[in-house]
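Here are a few friendly notes to read beside the model. Please keep the 3D view open as you go through the points.

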Amino acid sequence: MDDTRLGDTGLKVSRICLGMMSYGDPAKQDWALPRQDAEPLVRRAAEAGVTFFDTADVYSAGASEVVTGEVLRAIFPRREDYVLATKVYFPMGRGANDRGLSRKHIHAAIDASLERLGTDYVDLYQIHRWDDDTPIEETMEALHDVVRAGKARYLGASSMWGWQFAKAQHVAQVNGWTRFVSMQPHYNLLYREEEREMLPLCADQGVGVIPWSPLARGVLARAGSSSATTVRTGSDGRIDYLYDPENDKQIVDRVAEVAAGRDLPAAQIALAWVLGRPGITAPIVGATKERHVDDAVAAVSVSLSQEEISFLEAPYRAREVRF
């Protein structure tokens, strides 16, 4: 597994980031795996060279962070041996201040995340979404204070409009506060709207890109397969929100065709496409089976021809922005 720099920073991360959303408490998230089932998969990824792990406080209502911390401590001998990322924004309670990006919630959330993760710091602390109710100046100063306190080494952001990300970076720069070093956008063969503004902005500003859902929540991984449903497809309502089986069918079929021609799993083809796009640092891949880990690791070594790339991309049509 190759390492690469996260944007213009000196931080080195593996080219695959293991998404820890799949691990936590099945009682809170139907398709989440408990620790005893998660640890062998994380260990398999670590043995293959994966050192970058991404979670969020909201996943399984905090249980993902607990499992993530326990598993990583069991696998890695030193905290310095892996890069740990988590996020803040979504509701973690019923109170008016248990959500968002206010100074109050950010400081409460980072302390709660560190306690659940069982660590003194996270390497990358990310805002999960934009908060319309909080001035961006308040958010960026609070995040800067988190870094100054030693609770986070770097800051990142996730899905938002390009102008919002540019505004946040500008506010941080003019005030001498810590800027975002990474962007986590929704990006895959079925959803490429980030190519309009966000990806060029990140390339221009030296920001690392770590896409979420590079396999379109598993839709692309099942290309050409007779198995159309999983536990997740039956309980994850966002699949229907983000994708349209009828409109996406031609792209899915082409992934299956290229995969068949290469005698490779469809997941490797879809991930190889993302890995090969300019400016992509490390796609975030979820894994609930050993083959999911193996396909992600193998995809790093798959190089698609320009003819294959053009074939996969040709059917895409612009669609409504989905965060």
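**Notes on the cavity and the rings**

1. The lining of the largest cavity has 7 nonpolar, no polar and no charged residues. Here Ala, Val, Leu, Ile, Met, Phe, Trp, Tyr, Cys and Pro count as nonpolar, Asp, Glu, Lys and Arg as charged, and the others, Gly among them, as polar. The lining consists of Ile-16, Leu-18, Ala-45, Val-50, Val-293, Ala-296 and Val-297. A cavity is a set of points on a 1 Å grid over the protein atoms alone where a 1.4 Å probe fits but cannot get out, and lining residues have an atom within 4 Å of a point.

2. Before going on, note that this is a predicted model, where local features need pLDDT of at least 70, side-chain atom pairs count only at pLDDT 80 or more, and totals for chains, interfaces and linings use all residues. Residues are numbered from 1 along each chain as its sequence is written, and side-chain values use heavy atoms, leaving out hydrogens and water.

3. How are Phe-76 and Tyr-82 paired? There are 8 aromatic pairs (ring centres of Phe, Tyr or Trp, the latter by its six-membered ring, within 6.5 Å; planes under 30 degrees apart are stacked, over 60 edge-to-face, the rest tilted). Phe-76 and Tyr-82 make a tilted one, 5.1 Å centre to centre with 45 degrees between the planes.

4. Phe-165 and Phe-180 are stacked, because their centres are 5.9 Å apart and their planes at 20 degrees. Both residues are buried.

Conventions:
1 Å grid on protein atoms, 1.4 Å probe; cavity = no way out; pocket = protein on both sides within 12 Å on 5 of 7 lines; lining within 4 Å. Buried < 20%, exposed > 50% of the residue type's maximum accessible area, 1.4 Å probe, protein only.
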